[in-house]
Amino acid sequence: MKIIVVKDDKQGGQAACELFKKELEQKNDAVFGLATGSTPISTYEALVHSNLDFNNSISVNLDEYVGLSSDHPQSYNYYMQEHLFRYKPFRESYLPNGGATDEEREISRYNAILEKNPIDLQLLGIGRNGHIGFNEPGTDFDLKTHKVELTESTIAANARFFNNSQDVPRYAYSMGIGSILKSKKIILEAFGNSKAEAIKNMIEGPVTQECPASVLQRHPNVTVILDEEAAQKL
Ligand code: GLP
């Protein structure tokens with residue numbers, strides 16, 4: 001893993017933006033795997049303020065809450081529109097549909113999208129318990145897209161985006177770790193104290209389902225972008 005330590009999330013976003021730029025220079029129809037949460041916001045800001053053009057590119061997002069339709073303000077579909085797509089449209093953009101009535105069909109649809117559009121560069125955040133996407137501790141490393149029951153700690157961490165924790169959906173669709181590992185390149189970003197333990201386990205701990213992100217030790221092309229707080233336990 002290549003580790004880049006930056007001063008703050010703004011610099012981290014710029015560093016990630018440079019990697020997006022490089023990817024586009026090599027392949028202007030690249031497939032980008034995108035993430036949500038507070039961590040990638042500075043990356044999307046940097047992309048929005050850049051002169052990069054994604055009109056020939058494809059985006060595929062990691063996850064979505066089950067039960068939230070794409071126009072729900074807390075859905076990840078809505079988040080992506082607000083933070084990126086309204087400023088930088090892609091040729092095609094895919095997210096799981098949280099409002100789908102047939103869950104099995106939705107999972108198959110998303111896996112078919114991933115088969116057809118192999119990801120060139122995947123952006124990831126990390127949960128405080130080491131989850132990536134919504135792959136919580138204990139998740140099988142071979143899974144493709146699946147429906148996940150969120151842990152109490154993830155529900156509590158994400159409650160800040162909702163009126164109260166009762167409103168946080170209990171389930172999500174997530175790309176599996178098997179799908180994430182197929183990406184040719186991966187960028188994982190983490191900022192702040194609350195991520196320091198997960199980062200230590202991911203980089204220095206054993207590869208174990210208890211810290212899903214530790215599986216990235218097996219991937220040949222991972223760049224980790226950290227601020228000093230997230231890097232403090234390394
Ligand atoms: C959610 C998302 C993850 C994200 C994580 C951390 O669980 N599904 O993709 O990495 O939260 O979020 P944040 O960046 O807000 O700390």
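Which residue in β8 does Lys147 stand opposite? Tyr173 is the one.

## About the model

This is a predicted model, in which local features need pLDDT of at least 70, side-chain atom pairs count only at pLDDT 80 or more, and totals for chains, interfaces and linings use all residues. Numbering starts from 1 along each chain, following the sequence as written.

## The open sheet

Let's begin with the strands. β4, β8 and β7 form an open sheet in that order, with antiparallel pairing. β4 (63–65) and β7 (146–149) are at its edges with a single partner strand each, so one side of each has no neighbour in the sheet. On average, neighbouring strands here are turned by 25° against each other, direction ignored; the axes are lines fitted to C-alpha atoms.

β7 pairs with β8 (residues 171–174) over four antiparallel bridges. Pairing requires at least two bridges found by DSSP, and strands are DSSP runs (E, at least two residues), as helices are (H or I, at least four).

## Helix α3

In α3 (residues 76–85), the buried residues are Tyr76, Asn77, Tyr79, Met80 and Leu84; buried means that 20 or more other C-beta atoms, placed from the backbone, lie within 10 Å of a residue's own. Viewed down the axis of α3, these residues fall within an arc of 155°, so they line one face of the helix. The arc is that of the directions from the helix axis to the C-beta atoms.

Their cover includes β2 (31–34), α2 (41–48), β3 (58–61) and β4, with contact meaning C-beta atoms within 7 Å.

Methods
Axes are lines fitted to C-alpha atoms, for helices over the stretch in contact, and angles run from 0 to 180 degrees between N-to-C directions. A residue is buried if 20 or more other C-beta atoms lie within 10 Å of its own, exposed if 12 or fewer, and partly exposed in between; C-beta atoms are placed from the backbone. Two residues are in contact if their C-beta atoms, placed from the backbone, lie within 7 Å.
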